[in-house]
Amino acid sequence: RYNKYSRELPQTPWFVEGERKQSTSVQELLSAILNNTIKAQERKQSTSVQELLSAILNNTVKAQDLKFSSSGREDVDVRCLGVGRPFVIEFINPRHTLLTQTQVAVLQSAVNESTHLVKLRHLQIVDKKDVKYLKEGEEEKTKTYCALCLSTQGYNTAALDKLNELSEVSVEQKTPLRVLHRRPLATRTRIVHTITAVPIDLHYFKLYLTTQAGTYIKEFKHGDLGRTNPNLRQVIGVDLDIVALDVENVALDWPPKCSE
């Protein structure tokens with residue numbers, strides 16, 4: 001599993017025709033669409049979770065290539081906390097394959113000491129047939145999030161009470177505008193199992209969500225120009241922005257835990 005502590009770090013490098021592309025925030029993308037501009041403002045990313053995790057590992061394994069797979073993914077500006085996100089790196093044509101768990105533990109420590117942006121835990125060698133567990137339960141497993149929300153016009157506690165009364169909400173989501181360049185247009189039904197709203201002041205509150213895997217949290221908040229229904233903006237009756245979003249748990253009973 002990996003933890004990601006940066007809000008400026010993509011999960012994987014984004015290459016188009018051999019050129020590393022820059023990432024675009026949701027706000028920038030929506031602004032570009034609304035203003036009918038061709039290209040939103042971009043910010044460069046010089047590395048990724050995949051590269052930070054694989055560089056030191058491949059220095060030992062010495063493979064020709066590698067494939068990175070994970071149980072879902074978080075946006076560039078979202079941290080992944082808790083016990084982290086399960087992932088697998090498959091090394092293609094490696095020179096060295098016979099590693100003891102002690103050697104693997106040393107590699108894990110080397111990765112963790114090399115950066116403050118990500119952290120590895122439970123690093124181990126798994127059989128290829130066990131990789132199926134990474135994608136199993138894709139529809140059934142749940143994820144837990146914490147979102148710091150802002151209403152510039154303010155809100156009242158009665159509005160938060162409405163949110164706290166919600167459970168097992170069925171949400172219809174069209175493929176978000178921000179990911180249409182890499183995912184087909186479709187409408188998917190996702191379940192938001194629990195919602196807990198905790199006030200901070202007259203403008204800020206924290207929102208804790210447990211959802212079905214595959215739920216687009218940012219779109220559930222702002223509605224994505226009517227593409228996600230229902231959404232929190234409709235329920236609470238005021239405009240909302242997510243200032244910060246964290247993944248707090250990916251409920252997948254895999255991989256096996258290793259002693260830290």
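Begin by selecting helix H2 (49–61), strand S4 (65–70), strand S6 (87–92) and helix H3 (101–114), each of which supplies at least two residues of the lining of the second largest pocket. Helices (H or I, at least four residues) and strands (E, at least two) are DSSP runs, numbered from the N terminus. The model is predicted: local features need pLDDT of at least 70, side-chain atom pairs count only at pLDDT 80 or more, and totals for chains, interfaces and linings use all residues. Residues are numbered from 1 along each chain as its sequence is written, and side-chain values use heavy atoms, with hydrogens and water left out.

Keep S6 highlighted: five residues, the largest share of the lining, come from this strand. A pocket is an open set of points on a 1 Å grid over the protein atoms alone where a 1.4 Å probe fits, with protein on both sides within 12 Å along at least five of seven lines; lining residues have an atom within 4 Å of a point. Of the 28 lining residues, show Ile89, Phe91, Gln124, Ile125 and Val126, which lie nearest the centre.

Two strands pair if DSSP finds at least two bridges between them.

Now select S8 (residues 142–150) and S13 (residues 241–250), which pair in the antiparallel sense over eight bridges. Tyrosine 145 has valine 247 in S13 as its bridge partner.
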